[in-house]
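Please look at the model first, then read the points below.

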Amino acid sequence: MSNDDRAPTAPRRDFLGMAVGASATAVAAAIGYPVARFVEPRPMPSSGPTLVGKVEDFALGTGKTVLVDEKPVLLLRSADGHFRAFSAICTHLQCVVGYSAERNQIECPCHKGVYSVEGVNIAGPPPRPLEELVVSVREGSVIVSEA
Amino acid sequence: MMGTDGQGSSWLGARIGWDAIRATLSAQRVARRNFSHFLGGITLLLFLLEVGSGVLVLLYYRPDVAQAHASLERIVGEVPYGDLIRNVHAWSSDLLVLSLVAHMFTVVVRGSFRSPRELSWWSGQALLVLCIGLAFTGAILPWSQEAYLQARVGSELARYVPFVGNWLHHFLRGGDEVTSSTLQHAFGFHVAALPAAVTALIFLHLFFVQRRAATTPRDDDAPTMPVYPDFLVRQAAAWTATFVVVMTLAIFAQRSVGVAADPRLPSVVGARPPWYFLAFHHVVRVAPRDLLGMDGARFLVAAMCGVGLAVVALPLLDRRGSRLTAYLAWIFLLACALLSAYALT
Ligand code: HEM
Ligand code: FES
């Protein structure tokens with residue numbers, strides 16, 4: 001041992017430096033990891049089949065947008081009373097689409113995307129058909145559920 | 001008053017030791033420089049105005065999808081001077097982005113990013129990213145039709161960022177979809193996490209700049225001036241002018257609050273992003289669906305990320321602060337200006 005024990009020797013100083021660095025890293029990780037996990041958004045539980053209204057709320061040959069789990073869903077009712085439901089979110093850049101009764105098609109105002117009433121992309125930038133949802137009618141109530 | 005020279009015996013001056021402070025500031029000298037060197041200080045003032053007006057708006061704003069827009073209408077319609085304070089917040093946010101971009105641009109053209117100023121450059125880049133984050137989250141808070149649309153499309157484009165896109169998309173939405181969680185998440189980041197991070201980074205940035213007194217490499221033998229009074233008087237003049245511009249806009253140019261968001265309504269026809277994304281918006285709009293076998297929008301986002309990375313790596317790519325970099329910066333700026341003008345027609 002040196003007789004000056006106030007000035008650590010170089011190896012001892014290296015060791016202390018490493019110990020301080022390692023502890024600081026450990027503390028940063030112990031704080032950082034839980035915080036990162038906390039901030040990470042939670043998956044939204046789906047509420048399952050959703051009652052969106054009575055059959056009479058949907059006129060024949062028109063479309064109406066309803067909310068399912070806060071997401072817009074376009075319900076189309078054909079002239080013969082048959083229902084179909086599509087996610088109203090454009091497959092291009094996710095604007096909200098609407099039904100045009102005049103042209104009997106689904107239109108996206110953002111970049112002039114067009115879908116048929118079958119949800120198939122027929123013009124403009126959309127790369128894919130609209131996502132379809134399942135509609136069932138039980139005792140006069142219209143119920144929408146994910147496919 | 002402590003402003004007058006030689007009045008160290010004033011009541012306040014005696015208590016804070018003004019004479020000693022003044023002596024230190026007069027002894028320190030900085031380079032005598034042109035207006036572009038005051039853009040950083042202007043940006044700082046605009047941030048402080050954002051904090052001040054933001055804290056006030058926060059007293060009435062309600063971060064809830066059912067109430068957000070109505071609370072904003074109450075702020076601008078009923079609360080005394082609410083429209084003024086909200087206008088200050090909205091206008092300074094635009095001017096803040098403008099002065100940040102101008103600040104960065106002049107740094108590039110002067111070549112002041114190069115060694116040994118890398119740390120100033122990188123801390124500045126981080127500030128730019130965080131301020132764009134503030135603008136993005138702030139634009140969601142009114143929960144108007146435009147806000148809802150911007151949250152949808154902005155986060156969707158973020159999905160195309162290479163490697164981290166899916167994570168970023170999920171993170172910006174506060175979930176998989178744009179819902180009430182998106183507003184809640186954006187609110188927390190906008191009023192707490194991001195302002196705190198920006199404040200910390202501003203200190204770091206100023207520290208780095210201060211340690212490497214940011215004179216341009218080309219005029220190392222430029223004339224200097226004392227910090228007090230010459231430099232501080234100029235800084236105060238720049239701040240006063242900025243304040244006058246903000247107040248004039250806030251008083252005479254009302255910012256709209258839009259109509260409350262209804263996710264069931266089709267998106268607004270001809271909606272546009274904030275002005276600093278107009279050029280990109282226009283390119284995405286006119287680009288073909290396929291570019292080099294990739295989805296058009298995905299390709300463009302990846303290309304922009306490439307440009308962004310090159311900008312961050314600038315001190316490593318261009319070690320001398322060459323003319324070429326300055327010319328490229330000018331071309332990029334002019335191209336963006338032209339594209340933005342097209343986007344408006
Ligand atoms: C650099 C800093 C900031 C920027 C760039 C910024 C940007 C924005 C933007 C663009 C909006 C939307 C305003 C509109 O549509 O008119 C907004 C709203 C808002 N901001 Fe900030 N902001 C900043 C700092 C803050 C701070 C520090 C707070 C509070 C602590 C705050 C609180 C709010 C609130 C409550 C709203 C909603 C009311 C409204 O939309 O006018 N902001 N912000
Ligand atoms: S988002 Fe629908 S066409 Fe672009």
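Buried area is the accessible area, taken with a 1.4 Å probe, that two parts lose on being put together, summed over both. Between chain B and chain A this area is about 2,300 Å², and carbon and sulfur atoms give 60% of it. The model is predicted, so local features need pLDDT of at least 70 and side-chain atom pairs count only at pLDDT 80 or more, while totals for chains, interfaces and linings use all residues. Residues are numbered from 1 along each chain as its sequence is written, chains are lettered from A and ligands numbered from 1 in the order in which they are written, and side-chain values use heavy atoms, with hydrogens and water left out.

**The interface**

- On the side of chain B, B:R152, B:R264 and B:R289 lose the most area to chain A, together 22% of what that side buries.
- Contact (heavy atoms within 4.5 Å) involves 27 residues from chain A and 33 residues from chain B.
- Seven residue pairs, both at pLDDT 80 or more, are in polar contact across the interface. Such a contact is a pair of N or O atoms within 3.5 Å; within protein, one must be able to donate a hydrogen and the other to accept it, and residues adjacent in sequence count only if both atoms are side-chain atoms.
- With six residues, α7(B) gives the most to the side of chain B that touches chain A. Helices are DSSP runs (H or I, at least four residues), numbered from the N terminus.
- That side of chain B divides into 16 nonpolar, nine polar and eight charged residues. Ala, Val, Leu, Ile, Met, Phe, Trp, Tyr, Cys and Pro count as nonpolar, Asp, Glu, Lys and Arg as charged, and the others, Gly among them, as polar.

**The largest cavity**

- A cavity is a set of points on a 1 Å grid over the protein atoms alone where a 1.4 Å probe fits but cannot get out; lining residues have an atom within 4 Å of a point.
- The count comes to one cavity of 30 Å³ or more.
- The largest cavity has a volume of about 30 Å³, the volume being the space filled by probe spheres set on the points, which are joined across faces, edges and corners.
- Its lining includes A:V96, B:Q145 and B:Y148.
- The lining of the largest cavity has six nonpolar, two polar and no charged residues.

Key. Helices (H or I, at least four residues) and strands (E, at least two) are DSSP runs, numbered from the N terminus. On a 1 Å grid over the protein atoms alone, a cavity is a set of points where a 1.4 Å probe fits but cannot get out, and a pocket is an open set with protein on both sides within 12 Å along at least five of seven lines; lining residues have an atom within 4 Å of a point.
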